[in-house]
Amino acid sequence: MAAHNDGVLRDREKAQRPSQFSEREPALPKTRQEIVNGPNVERKGLVRIKSAGESGRSGLHPLQFLAIVWRSSSRVSKAVNILWPFVPAAIAAHYALQGHPVVNFTLAYIAMVPCANLIGFAGQELARKMPHMLGVLTETTIASTVEIILFMILLVQDQFYVIQAAILGSILANMLLCLGLCFFAAGLRREEATFHAAVSEVGSNLLLIAGLGLAIPTVFERAVTNTGFNLTTEDIADRVLHISRIIAILLLIAYAVFLFFQMHTHHGIYDEVFEHDERRDADGHKDRAKAKLTLTECILALAISVALVTLIAIALVSEIPEIVEKHHISDPFMGLILVPLVEKAAEHLTAIDEAWDNQINFALSHCIGATIQTAMLNAPLVIIAGWIRRVSMDLNFELFDIVMLILAIITVGNMLRDQKSDYLEGFLCIIVYVSIAVAAFYFPNPHEAGGHEATGETTGEAAGEVATHALRGLGLL
């Protein structure tokens, strides 16, 4: 009798226990809003704000707005806010202090950091109010505002070489420096950080495709120049320009398909990945308890920061020619290292903070997502903007820059393959980036290449051989 009763109780418990396969799949969230609020939560109003981003207020409250902005998203971001006095100083120096390019450039360079930090923080606060994938995309796009503004100002001032170096420098800074710092920060708090293949594999494959696309005009120019075709320099430059414009359009189409993949057909996979990251957020309880910006305050913060970034960027870019010509800072170092470091400050701070809090998938999305956006959106937009302005802005990069880019993509792809990271991998990425920075510092300016024409075809053939061997070794030829 007792055995019979025990069997009945076990059957009841089994019937009440949720099935591992029958009930789990329907309960999986499809959007970020369902992850936080549950699938059956309904909210009134035209715009539905996710509870993780709910401020409990509406409109503008100046004192609370200033307090939240000052506190920022992390201790590092809060420390960056100490640099705000440099912003009015840089603007005033640009208009009042003439003939001191080093002082003006230094002030503008430092002032750009808190402005970029405010853009990143406002974008992060706005992203909290959105579904997962839309939030990550919005935050990455807003953080890229600094880069787009700098590129357009450089384009207006016809500093094409600096733009080309800055495009590749932004990609290298995100792939090697930012990703390395994320791996290093995550490795300091735990033995090993694991991330999802949906983030790492798709990202690394896209990076390789984008890198190949960006390399095509350079490979074409080197091949045609050094293989004896009966073409003038103007003919070659014209063909390279047309190829660059076509590739820019193709990269934009590829980026649009990638967005459709992430936002529509496969968004459920990414939502689950980011939900997992939110559950293991080491400081998640603190973030939920923090006061948040209202939607109005987010828009206001973005408007203020974009206006300031534009003013600072004008001041910064206007000093670059004199810094390069008179103070022995090469164009490659300026474009490949200095400009990308300041334009990507906001994204780097956000990603490192997420890696420190064990949100490694979020951190990877910011690093790789920003890299993909630079290669497949921002760079093509600059080419098309140059096309509209009828200037010869193309994708014919320096051989050194493009080879370093492809090598970096292959290196990072190998590190992402096992879906694990530790502080050693992060440190090695940083070392590689510093090595490239040292080489860029000693790389000569374009106007120092006058001796190439004097040596005739010998130097051209040597350069062609270097290009061919390097690209063959990378599997590009």
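This is a predicted model: local features need pLDDT of at least 70, side-chain atom pairs count only at pLDDT 80 or more; totals for chains, interfaces and linings use all residues.
Start with helix α18. The helix runs over residues 360–388. It has 29 residues and reaches 40 Å from its first C-alpha to its last. That is close to the 42 Å expected at 1.5 Å a residue. The helix is not straight throughout: α18 bends by about 40° at Thr-374. Look next at its surroundings. Of the 29 residues of α18, 25 are buried, so the helix is largely enclosed by the rest of the structure.

Now turn to a contact across the sequence. Ile-167 and Asn-378 are 211 residues apart in sequence. In space, their C-alpha atoms are 8.3 Å apart. Ile-167 sits in helix α10. Its relative accessible area is 0%, so Ile-167 is buried; the cut-off for that is under 20%.

Just after α18 comes Arg-390, with a positive phi of about 60°. Further along is Gln-419, in the loop between α19 and β2. Gln-419 is not a glycine, yet it too has a positive phi, of about 60°. At 26% relative accessibility, Gln-419 counts as partly exposed.

Next come the charged pairs. Side chains of opposite charge can pair when their charged atoms come close. How many salt bridges does a search of the whole structure find? The count is 5.

Take Lys-344 and Glu-147. Their side chains meet in a salt bridge of 3.3 Å, N to O. The pair links distant parts of the chain, 197 residues apart. Lys-344 is in the loop between α16 and α17, while Glu-147 is in helix α9. Are these two residues buried or exposed? Both Lys-344 and Glu-147 are buried.

A second bridge joins the side chains of Arg-389 and Asp-158, at 3.8 Å from N to O. Arg-389 lies in the loop between α18 and α19, and Asp-158 in the loop between α9 and α10, so the pair ties together parts that are 231 residues apart in sequence. Arg-389 is partly exposed, with a relative accessible area of 38%. Asp-158 is partly exposed too, at 44% relative accessibility.

The third bridge is local. The side chains of Glu-322 and Lys-326 meet at 3.3 Å, N to O. Both residues lie in helix α15, 4 residues apart. That spacing is about one turn of the helix. Glu-322 is partly exposed, with a relative accessible area of 30%. Lys-326 reaches 53% relative accessibility, so it counts as exposed; the cut-off is over 50%.

The structure holds 7 aromatic pairs. One aromatic cluster is formed by Phe-333, Phe-441 and Tyr-442. Of the helices already named, α16 spans residues 331–343. Helix α20 spans residues 423–442.

Where does the largest share of the nonpolar patch come from? It comes from α20, which supplies 5 residues. Leu-424 is a member to pick out, with its place in helix α20. At 49% relative accessibility, Leu-424 counts as partly exposed.

Terms used
Residues are numbered from 1 along each chain as its sequence is written. Side-chain values use heavy atoms; hydrogens and water are left out. Helices (H or I, at least four residues) and strands (E, at least two) are DSSP runs, numbered from the N terminus. Buried means under 20% relative accessible area, exposed over 50%, partly exposed in between (1.4 Å probe, protein chains only). Rings of Phe, Tyr and Trp (its six-membered ring) pair if their centres lie within 6.5 Å; planes under 30 degrees apart count as stacked, over 60 as edge-to-face and the rest as tilted. A salt bridge is a side-chain nitrogen of Lys or Arg within 4 Å of a carboxyl oxygen of Asp or Glu. The expected span of a helix is 1.5 Å times one less than its number of residues. The bend at a residue is the angle between axes fitted to the seven residues ending there and the seven starting there.
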